[in-house]
Amino acid sequence: MSDDLRAYPPRERTAEPRRSVDFAAELNAAQFKAATHPDGPLLIVAGAGTGKTRTLVYRVAHLIDRGVPPSRILLLTFTRRSAQEMLARAEKLVGHASRSVHGGTFHGTAHRLLRRFGPEGGLPGDFTILDQSDAEDLMGLSRTALGLGDKTKRFPKKETLHHVYSRHVNTDIPVGAILRDEYPRFVQLEEEFAKVFADYTQRKQQRDLVDYDDLLLYWALLLENAPAVADKIAGLYDHILVDEYQDTNVLQARILKGMCRVHRNLTVVGDDAQSIYAFRGATIRNILDFPREYHGASTVTLEENYRSTQPILDATNLLISRAEERFSKELYSRRTGGEKPWLVTAQDEQQQTRFVVDRILELHEQGIPLREMAVLFRAGYMSADLEIELTARNIPFDKWGGLKFLEAAHVKDVLAFLRVLENPRDEVSWYRLLLLMPGIGEVTARNAVQSMADLAWSHESFGRFTPPPRAREAHAALVRLLADLRAGTGDEDGRVTREIVRVRALYDDILRERYDRVEPRLSDLDQLQTIAGGYPDRATFLSALALEPPSATSDLGFGSDTEDDTLVLSTAHSAKGREWDAVFVIWAVDGWFPMARALGSEDEIEEERRLMYVAMTRARNHLAVSYPLNVYDTRRGADYSLDQVSRFLDRGVRKAFQRVTLQAVVEPAAVPDASAPPEVDLRALLRGRFGSS
DNA sequence: TTTTGAAGTCTCTCC
DNA sequence: GACTTCAAAA
């Protein structure tokens with residue numbers, strides 16, 4: 001097991017000559033102040049497009065320039081992609097020294113540290129990471145084991161249980177309070193929740209399983225409760241820099257406190273106006289309270305926007321001015337040219353789609369590459385119609401966001417085989433693959449798992465299990481496959497890929513049996529095989545997959561493999577930190593953006609508003625926000641409803657836009673014969689109904 | 001006990 | 001539209 005996951009996939013080697021950096025000349029005054037800030041806590045409040053990344057990169061460069069050993073700098077970012085990007089940019093400034101800077105997500109870093117120091121806190125060094133749905137499944141097993149799953153009384157679903165658990169761990173809010181706020185109907189069940197959580201925790205520990213929350217929690221607990229190990233871990237770094245600080249939670253703040261308690265060299269960068277992850281426990285309080293939490297902290301505010309034209313900023317400033325508590329800042333740009341953003345009213349979804357595609361082609365003709373354009377939306381499924389149209393018109397695109405690929409049942413199925421090999425105690429994966437086998441159902445699976453547990457999960461324990469007659473064949477096939485896979489030796493390249501090939505020899509037939517649309521699923525598995533080729537061993541592969549899921553799906557046959565000029569479709573969340581020349585925000589319909597189910601509280605609505613702000617501020621030169629009037633809504637029975645523009649685009653905000661109304665496309669056949677008198681005067685009928693003349 | 005087909009249930013954001 | 005849940009058949 002490699003100590004350092006950053007090595008995969010390998011960063012390309014470029015012989016960049018080191019140059020001396022003229023910080024004062026290459027940064028504006030505020031950026032310069034932040035980048036060259038001496039030791040001690042520093043808060044950088046950076047509005048959208050104000051060169052936040054640039055400042056952070058230069059700060060890293062400056063630290064290295066000052067003689068801080070690069071390997072003693074830790075850069076925590078929100079995605080692994082942004083860490084890589086920043087380090088690549090730092091490399092251009094200070095040469096390959098920056099390659100030794102440790103960069104990654106909180107979870108990725110936690111993983112690295114726990115593999116190394118976990119054993120000193122009683123953790124096994126070879127734990128398996130549970131992703132969210134694995135964790136939910138395990139929670140389900142706990143619920144069933146406690147007999148709370150039967151339908152005699154109403155008990156929350158495993159997803160709800162997990163959500164409450166996760167929120168509790170990440171926010172320190174007592175379970176009772178969470179129930180009161182979010183699930184009043186379950187308040188009386190607090191004790192049962194606690195029992196399930198206790199069982200869940202025990203189950204994880206007995207089976208060497210670690211969920212996402214544990215990664216952070218164990219890190220924090222080591223820092224807080226094991227002084228000797230804490231000194232070692234905190235002693236690894238002299239400087240810690242955190243990006244997107246507005247999206248960290250209480251637990252992450254605790255970790256930072258522990259990591260920095262000696263030197264206090266903590267730099268955090270964030271924008272309270274872009275806080276969009278409260279749903280997973282992030283709290284805006286971290287950034288708002290930073291100056292109080294770290295006495296003597298300096299604060300630098302970046303307000304000059306280098307990204308967008310002034311007309312676009314006028315619109316986004318108006319949008320966010322409606323928000324409640326925030327560090328007040330007014331972004332301005334010297335890019336005064338440019339046209340007002342568009343607010344496009346479409347008659348229906350098809351027309352919205354057609355508008356977006358036509359406009360994209362138009363801009364493309366004007367010389368804007370596809371990769372400089374993006375279409376953003378609130379949730380992954382909202383781009384379905386657009387994807388079909390783009391495919392039909394041969395426009396290549398990448399879709400970001402969502403975890404589709406790894407969530408796909410067939411991908412998880414194949415991974416379950418590998419995970420069982422890696423960790424024979426992985427109960428969740430055992431259930432998953434046992435239930436796949438013909439002749440094995442819930443009862444047999446449970447018996448098998450129980451019998452393996454009795455034999456301490458040894459490798460042979462599954463072979464010793466005596467299946468009922470109907471499952472004999474499946475059992476034998478599985479035993480053979482697992483033995484076969486275990487027999488594979490060495491760490492030669494492509495080993496994981498070959499394992500997947502062998503698993504598929506058994507699994508592909510099952511897949512064909514179970515699903516109707518087989519081809520896209522098979523090609524997902526092909527893709528999994530390819531991805532596996534980039535990893536040296538199974539453990540690294542599985543961990544990396546859980547921590548940094550590949551975003552691409554092969555559903556529609558387009559991908560960045562063949563094309564390098566591809567349009568980006570993305571959820572607003574996944575678009576954070578990115579920018580494009582032209583941005584389309586679609587589905588700006590009330591109930592869609594903001595989403596209807598996010599309207600429960602004022603806080604949720606505010607978060608939706610900030611999300612819309614994030615989406616719109618991605619644009620450099622062209623911004624178009626569109627909404628269809630008529631939405632075919634299957635929920636309300638096959639009917640069309642007349643929809644309203646998003647509440648965030650109120651009358652005042654709309655003034656910053658130019659209105660574009662797309663005319664209804666009338667099918668020739670449907671055009672009424674204007675010469676014929678109407679059969680009935682509908683409007684008069686309606687007026688008469690209310691007695692008005 | 002497993003399988004199968006039909007009815008029913010939601011629909012999100014992500015490490 | 002994809003997945004879960006339920007009831008009845010094999």
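Colleague: Why are α15 and α27 called roughly antiparallel to each other?
Modeller: Helix α15 (residues 310-321) and helix α27 (residues 602-616) pack at an angle of about 170° in this predicted model. Angles run from 0 to 180 degrees between N-to-C directions, with axes fitted to C-alpha atoms over the stretch in contact. Under 35 degrees counts as roughly parallel, over 145 as roughly antiparallel, 65 to 115 as roughly perpendicular and the rest as oblique, so this pair is roughly antiparallel. The helices are DSSP runs (H or I, at least four residues; strands are E, at least two), numbered from the N terminus.

Colleague: Which residues of α15 and α27 make the contact?
Modeller: Contact means heavy atoms within 4.5 Å. On α15, Ile312, Ala315, Thr316, Leu319 and Ile320 take part, and on α27 they are Arg609, Arg610, Met612, Tyr613 and Met616. By class that gives seven nonpolar, one polar and two charged residues. Nonpolar covers Ala, Val, Leu, Ile, Met, Phe, Trp, Tyr, Cys and Pro; charged is Asp, Glu, Lys and Arg; the others, Gly among them, are polar.

Colleague: What ground rules sit behind all this?
Modeller: Residues are numbered from 1 along each chain as its sequence is written, while chains are lettered from A and ligands numbered from 1 in the order written. Local features need pLDDT of at least 70 and side-chain atom pairs 80 or more, whereas totals for chains, interfaces and linings use all residues, and side-chain values use heavy atoms, leaving out hydrogens and water.

Colleague: What makes Asp565 and Arg371 a salt bridge?
Modeller: The rule wants a side-chain nitrogen of Lys or Arg within 4 Å of a carboxyl oxygen of Asp or Glu. Here N to O is 3.9 Å, so the pair qualifies. Asp565 is in the loop between α26 and β14, and Arg371 in the loop between α16 and β12, so they tie together parts 194 residues apart in sequence. The count by this rule is 51 salt bridges.

Colleague: How do you know which residues surround DNA strand B?
Modeller: A residue is near a strand if one of its heavy atoms lies within 4 Å of it. That gives 31 residues, Gln132, Gly439, Thr444, Ser574 and Arg597 being the closest.
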